Amino acid sequence: MDKLSCYFLLLLSFFCFRLDLSWSLETRFNRDPNNQGSSDLANLVYHMGPVLSSPIKLYIIWYGNWNSTHQATIRDFLNSFSSPALSPSVADWWKTVRLYTDQTGSNITDSLSLSGEFFDSRLSNGARLNRLSMQHIIKNAVTSKPSPLPLDPRSGLYLVLTSSDVQVDEFCRAVCGFHYFSFPSIVGATVPYAWIGYSGTQCPGVCAYPFARPLGAPPPSAMGGNDIMRPPNGDAGVDGMISVIAHELAESSSNPLVNAWYAGDNPIAPGEIADMCLGLYGSGGGGGYVGKVSTDAGGNGYNMNGVKGRRFLVQWVWDPDKKKMLWT
């Protein structure tokens, strides 16, 4: 789901679940490890479509003029899904996503690998894009000479990442990112893809929260004494983007053709597994409060570890088995 207007889903935040929080986080949270909640409000249903059970090859299309430091942060995040790191890790977080199965009982894969990158700094489809533009951007990436990305309908998942100098219709107003699948008539095959935009200069208070204050938000004293959280990798735009990338990867894997796992009767605007936990990053969160998370020596907020000593703040996802939140 790509809508920002699903605030009612925050009511479900107490019932989200992420696996394998370390003892150190339990201590920091000072919460009973048996504390839990459950809900019948989230009617998440399997609609018999496929999930991404085969190893996923991630292909990035860098659209626009990208900061190399921001690119390195995103690469390290994507390389953390299948690589060992201190717990709680990005790979630990993905274990909850893996609980989703298809009609054969096959789980979502535990293998995600960054398998190719394409640099579209010349803006092949212009500086103002819409949803359909993403498919033409993918087509350009898989057909450009001399070094196109492979068109990989078996294992490929394509990430179109737009930089600060690119405008996307509905970005910052209704969406921070979305996922869908390509049309063979445009791209040449059906492949899942996701688009995510860099919001650091366009709307950090919308798409990089909690690293930036939303427009018109009350001062810290009116927000329970909590000031704006500092980003773990030094940039609100890219750190906010990391969580949106994770959100879209989880939903692209569990609902790649928009006919697998979602809640509601409308597949065009479904409630998907990350939507159920929108805005929830730590224990005790919900109703607009992100929850308790760790901080490093510099006061930067995070809730999981990645490769090269990286730390990230990523929202939780819905557990399909327990339908509750646990601190374990």
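Let's start with a salt bridge: the side chains of Glu117 and Arg75 meet at 2.9 Å, N to O, where a salt bridge needs a side-chain nitrogen of Lys or Arg within 4 Å of a carboxyl oxygen of Asp or Glu. The pair links distant parts of the chain, with Glu117 in strand 4 and Arg75 in helix 2 (residues 68-78), 42 residues apart. Keep in mind that this is a predicted model, where local features need pLDDT of at least 70, side-chain atom pairs count only at pLDDT 80 or more, and totals for chains, interfaces and linings use all residues. Residues are numbered from 1 along each chain as its sequence is written, and side-chain values use heavy atoms, with hydrogens and water left out.

**The chain overall**

- The protein chain has seven helices and 15 strands; these are DSSP runs numbered from the N terminus, with helices being H or I of at least four residues and strands being E of at least two.
- Of the 328 residues in the protein chain, 55% are buried, and here buried means under 20% relative accessible area, exposed over 50%, and partly exposed in between (1.4 Å probe, protein chains only).
- Take contacts (heavy atoms within 4.5 Å) between residues at least 6 apart in sequence: 76% of them join residues at least 24 apart.
- The accessible surface comes to about 13,600 Å², and 52% of that belongs to carbon and sulfur atoms; the areas come from the Shrake-Rupley method with a 1.4 Å probe, and for residues only the protein chains shown count as cover.

**More on salt bridges**

- The salt-bridge count comes to six.
- Both partners in the opening pair are partly exposed: Glu117 has a relative accessible area of 27%, and Arg75 has 22%.
- Arg310 forms a salt bridge with Asp76, their closest N and O atoms being 2.8 Å apart. This pair also links distant parts of the chain, 234 residues apart: Arg310 is in the loop between strand 13 (304-305) and strand 14 (311-312), while Asp76 is in helix 2.
- Asp76 is buried, at 6% relative accessible area.
- Lys95 pairs with Asp92 in a salt bridge, with the closest N and O atoms 3.5 Å apart. The two are three residues apart in helix 3, so about one helical turn separates them.
- Lys95 is partly exposed at 38% relative accessibility, whereas Asp92 is buried at 8%.
- Salt bridges that share partners also join Asp76, Lys308 and Arg310 into one network.

**Around helix 2**

- At the start of helix 2, a side-chain oxygen of Asn67 comes to within 2.7 Å of the backbone nitrogen of Thr69.

**Aromatic rings**

- There are 15 aromatic pairs, counted when rings of Phe, Tyr and Trp (its six-membered ring) have centres within 6.5 Å; planes under 30 degrees apart count as stacked, over 60 as edge-to-face and the rest as tilted.
- Tyr100 and Trp261 make an edge-to-face pair, at 5.2 Å centre to centre with 75° between the planes. Tyr100 lies in the loop between helix 3 (90-97) and strand 4 (112-120) and Trp261 in strand 10 (residues 261-263), so the pair ties together parts that are 161 residues apart in sequence.
- Tyr100 and Trp261 are both buried.
- Tyr180 and Phe181 are stacked, because their ring centres are 4.4 Å apart and their planes are at 20°. Tyr180 is partly exposed at 34% relative accessibility, while Phe181 is buried at 18%.
- Phe77, Phe81, Trp93, Trp94 and Phe312 form one aromatic cluster.
- The charged end of Arg131 sits over the ring of Phe178, 4.4 Å from its centre; the rule asks for NZ of Lys or CZ of Arg within 6 Å of the ring centre and within 35 degrees of the ring normal.

**Tyr289**

- Tyr289 is in the loop between strand 10 and strand 11 (294-295) and counts as partly exposed, at 35% relative accessibility.
- Tyr289 and Gly279 are 10 residues apart along the chain, and their C-alpha atoms are separated by 7.5 Å.

Note on methods. A polar contact is a pair of N or O atoms within 3.5 Å; within protein, one must be able to donate a hydrogen and the other to accept it, and residues adjacent in sequence count only if both atoms are side-chain atoms.
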